[in-house]
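Dear colleague,

Please look it over with the notes beside you.

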Amino acid sequence: MPLTIPHEFKPFLRDGDNAITATDARSLTYDGQLIFTLPNMTFVPQLYDNPSDIVQARADGKFWVMDPFQWPQMYADAYTWSFTIPRREFHDPSTDLWYAWWSPAFSDDFEPLSPGHVFGKLKSTHCDHLFRLYEWADKHVGSYKLFRENKQDAVVGWVTGLRSVFERFKETRAWRDIVMILAEFQRRFLEIWSMMDYLEIFEPRLKFEDRAQGVNKTWMECFTKDSTITLRLHKAGVPVWLIRDVRLVDDKINIHQVVPFTPANLVFGMYLHPIKNFAQPFDIRYKGPSDHQRQAAVHQLYLTFEEIPIDQTEVNRFAASREPSLGKAPTKTMKNKSVVYEPTALRQNQSQVGHDKWSDVAHPFMPNINTFFASAMTHVEKDLSRVKPTHARMDEGYRLPDPGLFVNVLSSQSLKKYLANWLACCESWLRHVYMSPPSLLPRSQSWHDLLIMQPTTPQPSSSSGQMPSGKTGKSKAKLDLFFGDELLLLRQFWTGSQMLQWRGQKIEAAILENPPHRLIQQIIYEICEQSFRYDLLELDKHLAGHMRLDWEAKKRRMELLRGIFPQHALSMWDKDFSTRNDGLNAESFQDALPYFENFRQVLITWDGAPQDLKQPFTESMPEGEKWQRMKQCALFYVQSFYDNTGHPPVVPHILYAGP
């Protein structure tokens, strides 16, 4: 039987006792059966403590919310000082100390060997700021060392390590390496800073256990499930979140406020080659919950440096100087490998000669395309010169699988896998991509790899936490990165009863080798419709961010976007199918008009909106004019999507065919 929350917590103060102790809550929030209470701060950050969490450096060389130098973690005995790591928002960006969190830009902060080269150095002005961080640490630890009468604490050796990392900035390195060297330097500096605060501020406070100290809001804080640790840290002024089973919490605790989790605003996307713009993810270091092993993984040294390729003219000169002498047979030599970054194949989601994604696959399984959008897909300008440069585009990946994948199959067994895998994980993925969309979306190949798999054994784990080698291993690592939770669901499905539930229907996997046409049409219709809603939402964020500058403006914008769809919803996996075509798919001008009017109001705020769209739809318009204006809305949407992604959108399809 599932556990239930016995009662709802609300702001409450005991009669005659409004003090907030270590086990009371200035702020409180829920996560399932767990309750998070904080006695000395006004917010609760989201805790990321899942066995499937991956420690992997992101585009800035840091480890997102798995990084104790960026986000609070569970208290760990092996890293007791980690809660005193300083927080960026409490420090002045105009000072040298701000460089402890600084992220460089390839175009502005890097001096390449030559234009278009990825090898070079950080600009000297930035190196000067970073050296002053080293000097600050050396001076601070030096003073502490004298006070301690030259006792060799571990922190003394950390300064030497910090200097050795700084020396790498003097060498010519690949930009990818510089990103990681900088992140490592910053982590080492912040650890020295946090250890000094721990030794000079936290430990002395423990001597005065008879009174609570003022909270130090500049520290990183931590989570714990131990009330004894909470009491100890609270008295020393450490922000600490106590996690308890909701059934074990006294309903008479003082509560100032009940709040939602504070999400992380950190770099999530993977590292991209700064010129060719293809992904070059860093190795996975660890997979597991927030514990000392996760922190140890973050502390691992970065040692996989790129080698500077030898210039071809130098290679030729060297080869000429080594030609065999007269009378000696020439020896076979290896071909020179002078290129570090291998070119990648054209991405499957980009427009390709001979591969037309602008028209639907002619197949009985495919639902009919919306007439207005069918016209738009035909008349859109597909000139590549229209596509914005990489830095100004949206992500080129797919939020949902290409509907064509479900009809371009080679066998009934493949069709069964595609349908079964999608139905087994679709609700999990749909919620994930709607609630917290990944910053880097899966490509077509990743979707194909996910849907064609049939996992019958647990995924092998690596004790070292390293990304598997080889093409297959890297492909699996990418799948794990994109679809961690979904892969678990697929393994449970294929090793279990192979019974599916979708929209109230129980479906045996065996029937999916030769499924009813209507079932596949409904599945593809849902993918098309939900893809369109997700893509519209993201494109509007990209082009009309100025319409969401504050909470009230964002609320109005979201209401307008919801008004484009039936049931006033941007999600549809949790809504019943309508019994007729409605919304933008409505079968009459009168029924479609209010939805197209909301659609028009969204579109006119985008760059390049046609002047004709500035005039609202009215019921008194001639039907011919309504028809042309509705087609114009669809065409402008499709054109805007192509200009900002480089590939065609998934557009609305009709669930119920006409007579």
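The second largest cavity is lined by P68, W71, P72, Q73, M74, S82, F83, M220, E221, C222 and Q295. This is a predicted model, in which local features need pLDDT of at least 70 and side-chain atom pairs count only at pLDDT 80 or more, while totals for chains, interfaces and linings use all residues. Residues are numbered from 1 along each chain as its sequence is written, and side-chain values use heavy atoms, with hydrogens and water left out.

A cavity here is a set of points, on a 1 Å grid over the protein atoms alone, where a 1.4 Å probe fits but cannot get out, and lining residues have an atom within 4 Å of a point. The second largest cavity holds about 40 Å³ of space, and its lining divides into seven nonpolar residues, three polar and one charged.

Of the 16 residues that line the largest cavity, G397, Y398, R399, D535 and V650 are the closest to its centre; by class, the lining has eight nonpolar, four polar and four charged residues.

Elsewhere, strands β14 (residues 499-502) and β15 (residues 505-508), each a DSSP run of E with at least two residues, pair in the antiparallel sense over four bridges, where pairing requires at least two bridges found by DSSP. L500 stands opposite I507 in β15, and in this hairpin, with two residues between the strands, R503 takes a positive phi near 50°.

With best wishes

Key
1 Å grid on protein atoms, 1.4 Å probe; cavity = no way out; pocket = protein on both sides within 12 Å on 5 of 7 lines; lining within 4 Å. Nonpolar A, V, L, I, M, F, W, Y, C, P; charged D, E, K, R; others polar. Points joined across faces, edges and corners; volume = space filled by probe spheres on them.
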